[in-house]
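This report goes through one protein model residue by residue and element by element. The sequence and the structure come first, and the description follows.

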Amino acid sequence: MAAVESTPAAGAHPAALGYRLARATLHDLRAVHRLERVIFPYDAYTYPDLVVLFLFPGVRNLKVVAPDGSLAGFVSAGPARVRRRGWIITLGVAPEHQRRGIGRWLLHAAEQRLGRPEMRLTVRASNTPAITLYKQVGYTLIERKPGYYRNGETGLVMERKINPNPETR
């Protein structure tokens, strides 16, 4: 799942606008759950599912805190069964904080912290802003999953080669 903006406002990095990237902890669960329900009204992760994401070994949970202290965005990324691959499990930016580069910042930070040469994610076929962002940073469509989402919408699986070095393939 992913809901992000496609371009940062005036090209300024979110940190220059007063935003702060930090590790998300169990103390952030309520705020993350609220954000999930706003961004993904049909298929937000349940509170128990988010607890699992926060406790599962190897999963990286990051947040962006707005200048006013509110949760502006969140990403959860974890290792896949295939050793070299990671997954962006969920990524979202609060509507009032979109189009400021926060989604791109979260995506990049999650990829770096996971340290895998390949990353994958699934995005709604109708989420044009997120798809545009993912294409801009090098993700390509590798699979269509009809009926993937609870309301029957198609999910698009996208992949990015973080390190296309032949030695890591």
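In which strand does V64 lie? V64 belongs to strand β3, which spans residues 60-65. The model is a predicted one, and every value below is computed from it.

Leaving out residues up to four places away in sequence, V64 touches Y19, R20, L21, S70, L71, A72, G73, I102, W105 and L106. Along the chain, V64 and A24 are 40 residues apart, while their C-alpha atoms are separated by 8.7 Å.

S76 is found in strand β4, residues 71-79. Is S76 buried or exposed? With a relative accessibility of 0%, S76 counts as buried. Its contacts, again without residues up to four places away in sequence, are L53, V59, R60, N61, W87, I88, I89 and T90.

**Salt bridges**

Side chains of opposite charge can pair when their charged atoms come close. In this model there are ten salt bridges.

| Salt bridge | N to O distance |
|---|---|
| E118 with R85 | 3.4 Å |
| E159 with R85 | 3.9 Å |
| K161 with E159 | 3.2 Å |

The salt bridge of E118 with R85 links distant parts of the chain: E118 is in strand β6 (residues 118-124) and R85 in strand β5 (residues 85-93), 33 residues apart. E118 and R85 are buried.

R85 also forms a salt bridge with E159. Because E159 lies in strand β8 (residues 155-161) and R85 in strand β5, this pair ties together parts that are 74 residues apart in sequence. Like R85, E159 is buried.

Through shared partners, salt bridges join R84, R85, E118, R120, E159 and K161 into one network.

**The cavity**

Rolling a probe the size of a water molecule over the atoms shows where empty space is left. How many cavities of 30 Å³ or more does a search of the whole structure find? The search finds one. The largest cavity holds about 30 Å³ of space. Its lining is made up of L35, E36, I39, F40, F74, T90, L91 and G92. Helix α1 (29-39) and strand β5 are the elements that give two or more residues to this lining. By type, the lining residues divide into five nonpolar, two polar and one charged.

**Helix α4 and the residue after it**

Which residues of helix α4 are buried? In this helix, residues 128-136, the buried ones are A130, I131, L133 and Y134. They lie on the same side of α4, because they cover an arc of only 160° around the axis. An α-helix has 3.6 residues a turn, so residues three or four places apart point the same way. Just after α4, G138 takes a positive phi of about 110°.

Most residues other than glycine have a negative phi, and most peptide bonds are trans. R99, a residue other than glycine, has a positive phi, near 70°. Where does R99 lie? R99 is in the loop between β5 and α3. With a relative accessible area of 44%, R99 is partly exposed.

R113 has its place in helix α3, residues 102-114. At 41% relative accessibility, R113 counts as partly exposed. Apart from its neighbours within four places in sequence, R113 is in contact with L21, R60 and L62. The C-alpha atoms of R113 and R60 are 7.2 Å apart in space, and the two residues are 53 apart in sequence.

Note on methods
Residues numbered from 1 in each chain as written. Predicted model: local features only at pLDDT ≥ 70, side-chain atom pairs only at ≥ 80, totals over all residues. Heavy atoms only, no water. Salt bridge = Lys/Arg side-chain N within 4 Å of Asp/Glu carboxyl O. Helix = DSSP H or I, 4+ residues; strand = E, 2+ residues; numbered from the N terminus. Buried < 20%, exposed > 50% of the residue type's maximum accessible area, 1.4 Å probe, protein only. Contact = heavy atoms within 4.5 Å. 1 Å grid on protein atoms, 1.4 Å probe; cavity = no way out; pocket = protein on both sides within 12 Å on 5 of 7 lines; lining within 4 Å. Points joined across faces, edges and corners; volume = space filled by probe spheres on them. Nonpolar A, V, L, I, M, F, W, Y, C, P; charged D, E, K, R; others polar. Arc of directions from axis to C-beta.
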